[in-house]
Amino acid sequence: MTSSTSSAPAGRNDPSPATQKVLLGVGWLLVGVPLVYGLVQTLRRVVTLFTG
Amino acid sequence: MASFLDRSRTVAGPTYSRWLIPPAALAVHLSIGQVYATSVYKTSLVEHFGTGLAPIGVIFSIAIVMLGLSAAVLGKWVDHGGPRKAMFTAACFWAAGFLVAALGISTTQLWLVYLGYGVLGGIGLGIGYISPVSTLIKWFPDRPGLATGMAIMGFGGGALIASPLSNQLLRAYDPGFDGSAGSAADGSAVAQLFVTLGIVYFVAMMYGAFTIRVAPDGYAPPGWDPSTRKQSAMVTTASVSANNAIRTPQFWLLWVLLFCNVTAGIGILEQAAPMIQDFFRDGGTTAISAVAAGGFVGLLSLGNMAGRFVWSSTSDVIGRKKIYMVYLGVGAVLYVLLASIGQTVTALFVLLAFVIISFYGGGFATMPAYLRDLFGTFEVGAIHGRVLTAWSAAGVAGPLIINGFLDAQGEPGALVAGDYRPALFTMVGLLVVGFVANLLIKPVAEKFHETSATSSTAPANAR
């Protein structure tokens with residue numbers, strides 16, 4: 001087991017708070033849009049349980 | 001491996017927003033969740049290779065077995081190498097699995113599909129599944145159940161995305177394919193689908209790999225006092241290594257309860273569509289159409305996904321032991337109701353199955369937080385990986401139990417509700433075994449705890 005963490009200061013590569021806000025929106029959008037697509041498609045199938 | 005993948009390059013500063021971590025974890029879990037959407041092209045592969053359902057089903061079985069094995073064997077490497085390196089490696093294996101399988105489909109070599117999607121893809125699944133777990137737990141010490149529930153919900157959500165997406169892509173690559181049950185796309189269309197999915201998932205998982213960050217040492221969310229964490233004897237502040245964990249009775253009790261919970265859930269998932277039709281069969285005809293049965297499968301997928309988030313988050317409030325008492329105890333009661341009166345009203349059958357499957361999903365998602373409570377955060381990812389071998393075992397046992405009982409009862413298409421009772425009551429027995437295993441879980445004995453000197457040899461932020 002080796003340690004590789006002591007060589008770099010924590011947060012050296014952190015984006016600024018403003019950039020973090022943008023990344024937050026982009027990140028949740030990137031995973032949220034496909035998830036909503038999947039949910040909508042699945043709900044359309046589920047409807048057939050009650051109508052089909 | 002290049003230094004930008006090292007843990008040291010991923011340690012965040014104190015002002016880093018922890019809400020950037022779940023999307024990174026979700027990007028990986030939404031990608032690998034595709035493994036539960038293989039039914040879309042199953043018939044096409046049967047036609048293409050001119051074989052039966054069983055040899056094609058082996059592809060999925062190999063992948064799940066490899067998931068458990070790779071998570072168990074590589075768990076310590078994931079914990080100590082850091083999440084970026086793990087996610088990067090998982091993306092490479094998962095994408096390579098699709099590409100090698102596409103080559104196998106193009107050349108009609110089934111063994112290449114086994115090697116690609118099954119072995120390589122399975123390794124990607126195992127590494128990918130555990131890669132964000134310990135990182136999330138350290139970013140969310142106040143709500144570990146919510147954090148891991150969010151990520152593992154993605155595994156359920158991945159199938160919701162991959163299933164309709166694969167259907168649409170197959171229709172685009174093969175205009176003769178209509179996507180209905182029983183229709184088959186030609187082999188080249190399936191190969192193109194695999195190449196497309198391999199590329200798309202590689203990009204998505206790389207997004208996760210490059211945005212994931214490790215919490216700084218001693219991280220505590222604003223407004224949260226770490227001293228409030230240990231409110232119960234069942235939540236330790238000590239550290240137990242993965243090697244020591246497997247020597248404790250607690251590890252094996254957790255293994256048994258996960259095995260029982262997953263086996264019981266698979267009992268319904270494996271047979272969902274024919275099961276609802278058989279439950280409402282009267283005089284040789286069923287009241288549930290094939291389309292409606294497909295809707296039932298979709299509803300169970302939603303229950304599986306929602307349960308992962310809702311129940312795991314609830315465990316932060318009521319405790320892990322109590323939530324597993326619900327999954328296993330209430331689950332057993334619901335199974336009894338399903339077996340005995342499920343055939344009386346469709347809505348009742350659907351409701352019971354929905355809640356049972358939500359418990360199945362909850363059992364998966366709550367496990368990392370339960371492990372953290374009992375063994376600490378030191379090597380929780382590695383311990384989680386080893387517990388996941390219970391999933392592999394259940395993936396074999398569940399279908400064997402349900403199919404074995406149903407085969408003995410009669411021919412598919414002629415079964416009725418009563419024919420399911422032996423299998424369902426067997427699942428009740430399993431849930432009771434899991435319930436007892438959960439009751440027996442006590443705090444881990446001190447002799448298994450790491451000394452502070454030992455645990456300090458672990459990478460910073462792995463503590």
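Tutor: A residue is buried if 20 or more other C-beta atoms lie within 10 Å of its own. In this predicted model, buried residues make up 21% of the 52 residues in chain A.

Student: What secondary structure does chain A have?

Tutor: One helix and zero strands.

Student: What makes residues of chain B count as in contact with chain A?

Tutor: The cut-off is 7 Å between C-beta atoms placed from the backbone. By that test, 40 residues of chain B are in contact with 32 residues of chain A.

Student: Which elements of chain B give two or more residues to that side?

Tutor: They are α1 (21–32), α7 (144–173), α8 (187–211) and α12 (290–318) of chain B. The most comes from α12(B), with nine residues.

Student: How do the residues on that side of chain B divide into nonpolar, polar and charged?

Tutor: There are 23 nonpolar, 14 polar and three charged.

Student: Now to the helix pair. How do α7(B) and α14 (residues 346–375) of chain B pack?

Tutor: Their axes lie 8 Å apart, at an angle of about 140°. The crossing of α7(B) past α14(B) is right-handed.

Student: Which residues meet there?

Tutor: From α7(B), they include P144(B), I152(B) and M153(B). From α14(B), they include F364(B), P368(B) and R372(B).

Technical notes: Residues are numbered from 1 along each chain as its sequence is written. Chains are lettered from A and ligands numbered from 1 in the order in which they are written. This is a predicted model: local features need pLDDT of at least 70, side-chain atom pairs count only at pLDDT 80 or more; totals for chains, interfaces and linings use all residues. Two residues are in contact if their C-beta atoms, placed from the backbone, lie within 7 Å. Helices (H or I, at least four residues) and strands (E, at least two) are DSSP runs, numbered from the N terminus. Ala, Val, Leu, Ile, Met, Phe, Trp, Tyr, Cys and Pro count as nonpolar, Asp, Glu, Lys and Arg as charged, and the others, Gly among them, as polar. A residue is buried if 20 or more other C-beta atoms lie within 10 Å of its own, exposed if 12 or fewer, and partly exposed in between; C-beta atoms are placed from the backbone. Axes are lines fitted to C-alpha atoms, for helices over the stretch in contact, and angles run from 0 to 180 degrees between N-to-C directions. A crossing is left-handed if the near helix is turned anticlockwise from the far one by less than a right angle, and right-handed if clockwise.
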